[in-house]
Structures are given as C-alpha cells and as structure tokens.
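Good morning. I will take a few minutes on one model, and you can follow along on the screen.

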Amino acid sequence: MTDVKATNVHWHDGEVSREDRNALLKQKGATLWFTGLSGSGKSTVAVALEKALTEKGHLCYRLDGDNIRLGINKNLGFSAEDRAENIRRIGEISKLFVDTGVITLSSFVSPYRADRDLVRELHKDGEMDFIEVFVDVPLAVAEERDPKGLYKKARAGEIKNFTGIDDPYEAPLQPELVLNSHEMSLEQEVETLLKVLSERGII
Ligand SMILES: Nc1ncnc2c1ncn2[C@@H]1O[C@H](COP(=O)(O)OS(=O)(=O)O)[C@@H](OP(=O)(O)O)[C@H]1O
Ligand SMILES: Nc1ncnc2c1ncn2[C@@H]1O[C@H](COP(=O)(O)OP(=O)(O)O)[C@@H](O)[C@H]1O
C-alpha cells in the first residue's frame, strides 16, 4: 500500500470540546480493548457489557473483528502486515469514538503486542482512557469451544495462519485487566468490567 505522508495537514479544533461532549453524555469516552484467542470470549463479553451499559443509560458501541472485516477492512487478510493495518485502523476509529464521548468496546484477536501498543500510544496523544482487557483462556479451552468451527478447519489445514495453531499470539505483559472466561461466569466478567469503569470515573 502506498504510504502517503500527511504533509501540510493540521488538526483543526472546533468550538465543542471532548469535555463538553462528555458532560452532555454524563460519562467519559474510553476504549476497552478486548484481546485474546478466537473463541476466548471477547465478543460474548463485549455483547453482555454493551447490554448492561445501555440498560444503565450509557452510550457505548462495539467494534468487532468479523463485522469490521466485512466492511471497512474487507481488503485485509491475516498476514502479520494485514493484521497490523487492521489494528491500526481500528485503533484510529476507536480513538475517534472516544473523542465523541462513546464507551468503545473493541474486540479483536490483535495477536501482536506491538500493534496493541501502537493503539495504546494513539490514545495517549489525546490523553484518552485505554483499557486493555486480556481474555485469557488456554488454547485447549478455545479449541474445545470452537464456536465457529474454525479450529477444526485450521487443524485440517483448510485455514492457514490461524492464531494459536500455526500463527502466534503474544499475550499482553501488563494488561489493565485479565478475564479468565473459563473460570468466571459471564455475569462476574460484566461486574468486574463495570467496577473498573466506575473506579476510573468513566461511568
Ligand atoms: N487466520 C485466522 N486467525 C485468526 N482468526 C481468523 C483467521 N481467519 C479467520 N478468522 C476469523 O476472524 C476473526 C479475527 O479477526 P480479527 O480482525 O480480530 O483478527 S486480527 O486482530 O487482525 O488478528 C476471528 O474472530 P473471533 O473468533 O471473534 O476472534 C475468526 O473468526
Ligand atoms: N464466561 C464466559 N465468557 C465468555 N464466553 C463464554 C463463557 N463461558 C462460555 N463461553 C462461550 O465461549 C464462546 C466464546 O466465543 P466468542 O465470544 O465468539 O469468542 P471470541 O469473540 O473471542 O472469538 C461462546 O460460545 C460463549 O458462549
């Protein structure tokens, strides 16, 4: 892909600030970044949290691997380079959402530490909350769950470069939160997340 450098381009501030939008929504925009193996529970937890937050009157939005890859990132595959670009774009989108005041739930395998760290850095630019949530289950558990039948296909050699099988997953070193979804109930996971959001003044 051609890397067109942004020369003679400058950020343009409006007259409404992020603080104004946060005040309007009575919450603070933030990104919760769910990372983990396919089948670890990222989407399930994000869906449950979205429901709980909405019931409490908070505006949130889910960005999910499969959905994003059907639209804005439909030109990307699963090479390390494409995954990096996938995560970079989602990182930028998450940051824009946070700027609007929305609590953004981003669920991506995001297997490379450097890609996730780049998203963390992007959020530092705007002093925005970035909460890395490692949904951590042993590969055997994810493979046993196999909700989409993809591990079976990967083991049969029908899918190449499948994370955990013939492609790496680099676990976070210092995530804000670890959820062991094989040892916790969905309700416990949502409660834990709501507590973190409350402690940080996001809700
Ligand atoms: N090769 C390979 N490796 C991992 N995952 C694969 C692959 N091929 C397809 N899928 C399906 O795509 C979903 C992962 O997309 P992501 O955008 O989250 O991946 S990444 O962050 O760019 O690595 C992932 O979704 P989840 O199961 O929800 O994690 C899979 O359903
Ligand atoms: N405590 C739990 N938290 C999350 N998912 C769970 C839990 N217990 C069982 N599961 C199951 O594990 C699977 C996780 O799949 P999914 O959420 O699609 O994972 P991912 O988005 O990481 O690929 C689902 O079938 C879900 O019902």
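First, the ground rules. This is a predicted model, in which local features need pLDDT of at least 70, side-chain atom pairs count only at pLDDT 80 or more, and totals for chains, interfaces and linings use all residues. Residues are numbered from 1 along each chain as its sequence is written, while chains are lettered from A and ligands numbered from 1 in the order in which they are written.

Now the fold. The chain has eight helices and five strands; these are DSSP runs numbered from the N terminus, helices being H or I of at least four residues and strands E of at least two. From the N terminus on, their order is α-β-α-β-α-α-β-α-β-α-α-β-α. The radius of gyration, 17 Å, is close to the 17 Å of the globule rule for 203 residues, so the chain is as compact as a globular protein of that length. That radius is taken over C-alpha atoms, and the rule is 2.2 Å times the number of residues to the power 0.38.

Next, the inside. Buried residues, those with 20 or more other C-beta atoms within 10 Å of their own, C-beta atoms being placed from the backbone, make up 31% of the 203 residues. The largest nonpolar core has 31 residues, and L32, W33, F34 and V133 have the most contacts inside it. Such a core is a set of buried Ala, Val, Leu, Ile, Met, Phe, Trp, Tyr and Cys residues joined through C-beta atoms within 7 Å. β4 gives the most to this core, with five residues.

Then ligand 2. Of the 17 residues around ligand 2, G41, K42, S43, T44 and S181 come nearest; a residue counts as near if its C-beta atom, placed from the backbone, lies within 6 Å. α2 (42-55) supplies the largest share of this shell, four residues.

Last, which residue does the UniProt annotation "active site" cover? In the unreviewed entry, the annotation covers S110, and such annotations may be inferred rather than shown by experiment. S110 sits in the loop between β3 (103-107) and α5 (113-125). Why is S110 called buried? Because 27 other C-beta atoms lie within 10 Å. Beyond its neighbours within four places in sequence, S110 is in contact with T35, I87, D115 and R116, contact meaning C-beta atoms, placed from the backbone, within 7 Å.

Definitions and conventions
Buried ≥ 20, exposed ≤ 12 C-beta atoms within 10 Å, placed from the backbone. Contact = placed C-beta atoms within 7 Å.
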